[in-house]
Amino acid sequence: MSDVDADGYLANVVRILGQAKLFEGSESWRTGTNVPRKVRAYVEKIAAQARLDPVDLVDRTRLRLSDLGILNENWCLRTGSHATLRLQIRRRGDRALFRCDQCSLVTLVKPFETCTTDYCGSRSFSPVLNTAEDYYSWVSRERPHRLTTFELTGQTKPLSEQRRRQRLFKGQAFVNQEHPVTDGIDVLSVTTTMEVGVDIGSLKLVLMANMPPQRFNYQQRVGRAGRAGQAFSYAVTVSRGAAHDDYYFNNPERMTGDVPPQPKLDLSRAEIVQRVAASECLRQAFLSIGSPPARTADSSHGSFGLSSDWRQLYRVDIASWLSASPAIDEVVARLASFAPLSRSQVTQIKKYLHEELVEAIDAAVDNTRFIQDELSHRLAMAGILPMFGFPTQVRSLFWDKSGIKNVDDLRISDRPLDHAIWAFSPSSEIPKDKQLFTAIGFVSKYDSVSGPRNEENPLGQPLRYSRCVEESCGTISYGEASICGVCGNQNLNFDLYQPRGFMAHWMARDYDGQRSRGPSLPPPVMSFEPEYSEESRCGPLLIAFRSGAIAVVNDNNSKLYGFHQKDPNMIVVKDVAYRDAAILKGVPDNQVAAGAIGAVFTTDVLSCLFKGAVGIGKNGILDVVAQLSARPALASFAEFIKQAFAFQLDVSPDEFRVGRQSIAVADVRSEQIFVADALENGSGYSRMAADPVNFELWLRLHFDREQERWSKNIHSNSCDSSCPDCLRNYGNRFSHGMLDWRLALDLAQVALGEELDTSRWLGPSNDRKVEAFAGLCAQMGMPVTLEKHGGLSCVFRDGKGLVVGHPLWHRSEGAIQPAQLAAMTSLRAAYGLDFLVEFVDARDFAGHPASYVLRLR
């Protein structure tokens with residue numbers, strides 16, 4: 001080839017290597033000597049056009065670039081020293097750009113009519129006539145300016161680093177060798193921590209990456225800009241397409257000008273009065289003893305000493321005071337003065353304080369799921385005392401790095417326990433300050449005079465749970481049981497640990513935007529059996545309410561975790577897939593325990609169960625084994641009622657947790673739904689929703705509103721199952737594949753006692769899908785017949801037919817609906833009694849047509 005063509009060819013080879021990040025110091029640094037795949041593909045295309053031997057061209061290319069000092073023996077660019085690197089950047093000038101007609105790659109150097117994209121075989125290019133859309137060209141003409149960015153969140157540790165970043169961002173105090181040009185910070189990437197008044201000075205711009213939950217959140221965020229006499233400031237909100245974002249995008253005046261909801265305290269809840277009364281009575285009781293416990297930094301809920309000292313030092317005296325003191329009646333009378341409580345409720349509170357409070361304290365002290373050392377803190381977590389401030393069931397991820405003098409410098413991140421059990425689970429990778437840390441196990445650290453020390457028993461005390469070994473069931477239940485109460489199969493009993501802290505490997509690497517996340521978790525499970533009553537219902541939906549324990553379980557996708565003792569009070573997990581195998585170097589093979597990790601908390605729980613519903617399931621009960629859409633329907637309905645409650649109470653949906661739990665009803669394996677307050681000890685929302693009158697009214701209002709909105713063509717034509725405009729949000733991301741807005745509306749309609757509207761599934765759109773299925777069969781040499789029988793679409797050939805029915809209809813002949821029976825009767829009347837009829841689910845039929853083609857073979 002000519003010198004000009006050779007020059008362009010080598011330039012493209014260098015460009016391919018650079019774009020593949022094959023240069024010294026990059027993450028893609030390689031040790032092999034074979035030509036990289038993308039370069040080989042380009043060389044072979046050039047060799048074919050230039051009529052050269054591709055192997056010889058590869059060797060000549062390597063030799064030439066190596067002689068120039070550009071390439072090493074591993075086909076990586078020598079970028080270690082720019083002084084000796086014989087590469088030049090040539091300006092484009094007036095030369096034309098060309099775009100590949102097949103893959104749209106834009107190129108300047110085109111020695112042959114060959115695209116440099118490895119998978120593209122195009123030899124056709126078109127000139128690029130308009131380069132105004134070239135972002136990099138525009139940037140190249142901009143005046144250079146600095147853009148230094150740092151995180152500033154509640155996870156920025158230690159506190160001294162938070163203060164340093166605040167100071168450098170404000171640009172008002174540079175100390176020691178700091179200089180405004182090299183040390184100043186231009187942009188802070190922050191979380192909602194900035195809403196609470198952290199001083200970062202005057203801002204010109206606040207950019208919100210999504211729509212704030214409510215108006216007062218918006219006010220707090222935009223209020224950070226435009227202070228201190230600034231003439232102007234900007235507040236930009238990015239609407240991300242979720243239903244919440246879209247609503248306020250279309251109604252901005254509600255986000256900027258609505259009257260914020262007034263704080264509300266439900267004084268009709270006897271638990272609130274009881275908790276406050278217990279706190280005051282215990283305060284007086286502890287003050288009455290000779291040497292009351294001293295107040296400490298952890299005594300925000302009361303100075304009641306340590307949990308470990310309760311029985312030995314305080315129990316006898318406190319029990320004596322509570323059983324006899326007349327002050328209890330006075331405390332309760334004062335607190336209940338303006339509360340709408342009945343006389344019997346007030347009497348029960350007094351009885352509780354006199355006779356039951358000590359036993360409740362005993363139970364909290366003995367309960368292994370509480371790890372709080374301070375007695376008052378533990379009692380608040382147990383729901384015996386009021387919770388002051390935010391619940392503190394938070395766990396830290398500690399860096400296993402030696403030579404650090406205090407625990408704050410080892411604390412990488414903090415998360416609530418129910419978040420930490422997947423975000424910090426073994427093999428998860430956590431980015432922080434441009435580095436990536438790998439979680440490998442469990443440790444809990446504290447400061448001592450000799451430096452950071454490890455607390456004993458970082459896994460905490462185990463709780464016993466059981467899981468059904470049958471994969472199709474997989475029911476998780478509290479307590480030991482040899483047989484599954486839902487399906488009758490064998491159970492596996494296991495230990496559930498609530499770790500005191502999590503550990504990251506000492507080796508951190510630069511964060512390149514890629515990371516491994518923890519496993520997706522199943523929905524939370526109830527640690528109690530709801531008691532349903534025929535008196536509390538909404539149509540065919542039975543409703544139950546109680547305060548109880550909810551558990552979120554990470555059992556490593558049913559495989560459990562093996563716990564290995566590394567050092568004193570350090571636990572490492574080996575049997576998971578780490579991206580870097582060197583992480584496990586030096587970890588002994590000495591498994592000391594096995595089990596799951598999880599979070600257990602007490603809150604208010606509303607549960608509900610469909611029983612006796614007309615027109616669905618088996619005898620009105622949804623069968624999660626035989627009905628393919630039963631589980632998705634229940635999951636969708638759970639999200640739907642959560643939305644309904646949140647809308648009516650004017651709170652964020654994040655105030656609730658939803659879940660499903662297996663239950664056996666008669667001979668049917670079904671699932672019950674529960675909606676729990678997200679706040680530890682409950683916030684009262686689920687209690688209000690559990691009133692059958694409220695439940696039906698709120699469900700009716702939400703159904704009428706969303707049925708109209710979701711059924712419009714602008715939504716229904718673009719959303720086959722779920723999207724951010726209907727049921728999806730970040731909080732339910734693990735269930736996105738199950739959610740379906742049509743199923744949610746179906747069950748809402750059934751719960752309200754209305755006749756099921758089958759047109760959402762069996763209307764014209766279903767006819768088009770059945771016709772498309774027939775076309776698929778024809779393409780595969782299997783012509784089929786389409787007919788309507790009993791009003792339902794039927795597809796058949798060779799004496800076998802598929803009858804497409806509603807997703808909530810059962811498919812067994814003994815439990816079918818009248819329309820299915822009519823279709824079967826009509827088919828057999830037309831084609832004989834031996835005609836084979838299979839009832840199919842319209843939703844599954846549309847989603848998996850290939851499997852139904854095989855059934856007709």
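A residue is called buried when its relative accessible area is under 20%, exposed when it is over 50%, and partly exposed in between (1.4 Å probe, protein chains only). Tyr234 has 52% relative accessibility, so Tyr234 counts as exposed. The model is predicted: local features need pLDDT of at least 70, side-chain atom pairs count only at pLDDT 80 or more, and totals for chains, interfaces and linings use all residues. Residues are numbered from 1 along each chain as its sequence is written, and side-chain values use heavy atoms, without hydrogens and water.

**Surface patch**

Tyr234 lies in strand β7; strands are DSSP runs of E with at least two residues, helices are runs of H or I with at least four, and both are numbered from the N terminus. Together with Leu205, Leu207, Phe232, Val236 and Val238, Tyr234 makes a nonpolar surface patch of about 600 Å². Two or more residues of this patch come from each of β6 (205–208) and β7 (234–237). Such patches take residues with over 30% relative accessible area and no salt bridge, and join nonpolar side chains within 5 Å. A salt bridge here is a side-chain nitrogen of Lys or Arg within 4 Å of a carboxyl oxygen of Asp or Glu.

**Strands**

Strands of a sheet pair through backbone hydrogen bonds, either parallel or antiparallel. Two strands count as paired if DSSP finds at least two bridges between them. An open sheet has three strands in the order β2-β1-β3, with antiparallel pairing. Its edge strands, β2 (106–107) and β3 (125–127), each pair on one side only. Strand β1 (residues 98–100) is joined to β2 by two bridges, and Phe98 stands opposite Thr107 in β2.

Further along, β12 (residues 445–448) and β13 (residues 451–454) run antiparallel and share four bridges. They form a hairpin with two residues between them, and Ser448 stands opposite Gly451 in β13.

**Aromatic rings**

Rings of Phe, Tyr and Trp (its six-membered ring) pair if their centres lie within 6.5 Å; planes under 30 degrees apart are stacked, over 60 edge-to-face, and the rest tilted. The count is 22 aromatic pairs. In one of them, Phe656 and Tyr685 have centres 6.0 Å apart and planes at 55°, so this pair is tilted. Phe656 is in strand β25 (residues 656–665) and Tyr685 in helix α17 (residues 685–689), 29 residues apart. Phe656 counts as buried, at 5% relative accessibility. Ring pairs also link Phe424, Phe442, Tyr497, Phe502 and Phe563 into a cluster.

A charge sits over a ring if NZ of Lys or CZ of Arg is within 6 Å of the ring centre and within 35 degrees of the ring normal.

| Charged residue | Ring | Distance from ring centre |
|---|---|---|
| Arg705 | Phe647 | 3.7 Å |
| Arg742 | Trp761 | 5.8 Å |

Terms used:
Patches are made of residues with over 30% relative accessible area and no salt bridge: like charges are joined within 9 Å, nonpolar side chains (Val, Leu, Ile, Met, Phe, Trp, Tyr) within 5 Å. Accessible areas come from the Shrake-Rupley method with a 1.4 Å probe; for residues, only the protein chains shown count as cover.
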